[in-house]
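I keep these notes while looking things up in one structure.

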Amino acid sequence: MTDLSAGILLISNPFLKDPNFIRSVIFICDYRQDGAFGFVINKTFDHDIGDLIEDAEGIRFPVYEGGPVQKETLHFLHQRPDLITGGMEITNGIYWGGDFAEVLKLLREEKLSRTEIRFYLGYSGWDQGQLEDEIKEKSWITRNANPNLVFTKDPYQLWRTALEELGGEYKQMVNYPIDPQLN
């Protein structure tokens with residue numbers, strides 16, 4: 001189990017039934033005593049960025065469901081600080097935010113790939129002590145994040161991949177049913 005901090009992944013327990021977080025992986029961007037903030041990184045939204053933002057009209061680039069909080073806000077993670085200024089490095093070459101006008105220009109010029117930047121609608125957040133309680137209840141498995149996981153080419157397999165890489169008992173969890181009573 002990895003200590004709670006910015007730059008870790010929360011992997012939902014196979015039996016977690018909260019509809020917002022079933023089989024989800026969350027990248028934590030900010031962790032403090034008064035709470036935590038991050039994005040679900042493995043659930044795509046059914047619209048492209050060009051459908052959601054007037055200035056991005058015509059840009060066909062996927063958006064992910066970042067979480068159930070403030071679903072009208074758009075956020076992004078990237079690994080191109082050489083092209084996008086103003087981002088904050090969270091861990092190991094993974095940056096949060098930056099100059100959105102630059103991002104739109106780079107997208108129009110097709111200078112960013114789907115493995116270099118990800119957009120999230122809404123976010124996941126926890127108040128003071130809430131995430132710690134959920135960890136004690138075994139709702140989440142923690143591990144360090146890395147760019148290969150956060151910017152995976154196959155977000156639909158991310159939950160499985162993140163657990164399998166941990167090995168041991170975690171590798172077995174990928175085969176657990178969502179509801180063991182249905183077995």
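Which side chain meets D48 in a salt bridge? I looked it up and found R60, with N to O at 3.3 Å. A salt bridge here is a side-chain nitrogen of Lys or Arg within 4 Å of a carboxyl oxygen of Asp or Glu.

I note that this is a predicted model, in which local features need pLDDT of at least 70 and side-chain atom pairs pLDDT 80 or more, while totals for chains, interfaces and linings use all residues. Residues are numbered from 1 along each chain as its sequence is written, and side-chain values use heavy atoms, without hydrogens and water.

**Entry 1: charged pairs.** I got a count of 10 salt bridges. Helices (H or I, at least four residues) and strands (E, at least two) are DSSP runs, numbered from the N terminus.

I then checked exposure, where buried means under 20% relative accessible area, exposed over 50%, and partly exposed in between (1.4 Å probe, protein chains only). D48 is partly exposed at 21%, and R60 is partly exposed at 46%. R60 also forms a salt bridge with D51, with the closest N and O atoms 3.2 Å apart. D51 has 43% relative accessibility, so it counts as partly exposed. I wrote down D48, D51 and R60 as a network of salt bridges.

Next I looked at R80, which forms a salt bridge with E116 at 2.8 Å between the closest N and O atoms. R80 lies in the loop between β6 (69-78) and β7 (88-91) and E116 in the loop between α2 (100-108) and β9 (117-127), so the pair ties together parts 36 residues apart in sequence. Are R80 and E116 buried or exposed? Both are buried.

**Entry 2: T91.** I found T91 in strand β7. T91 counts as buried because its relative accessibility is 17%.

**Entry 3: rings.** I searched the whole structure and found 12 aromatic pairs. Rings of Phe, Tyr and Trp (its six-membered ring) pair if their centres lie within 6.5 Å; planes under 30 degrees apart count as stacked, over 60 as edge-to-face and the rest as tilted. The planes of F76 and F100 are at 40° and the centres 6.1 Å apart, so this pair is tilted. F76 is in strand β6 and F100 in helix α2, 24 residues apart. F76 is buried at 5%, whereas F100 is partly exposed at 27%.
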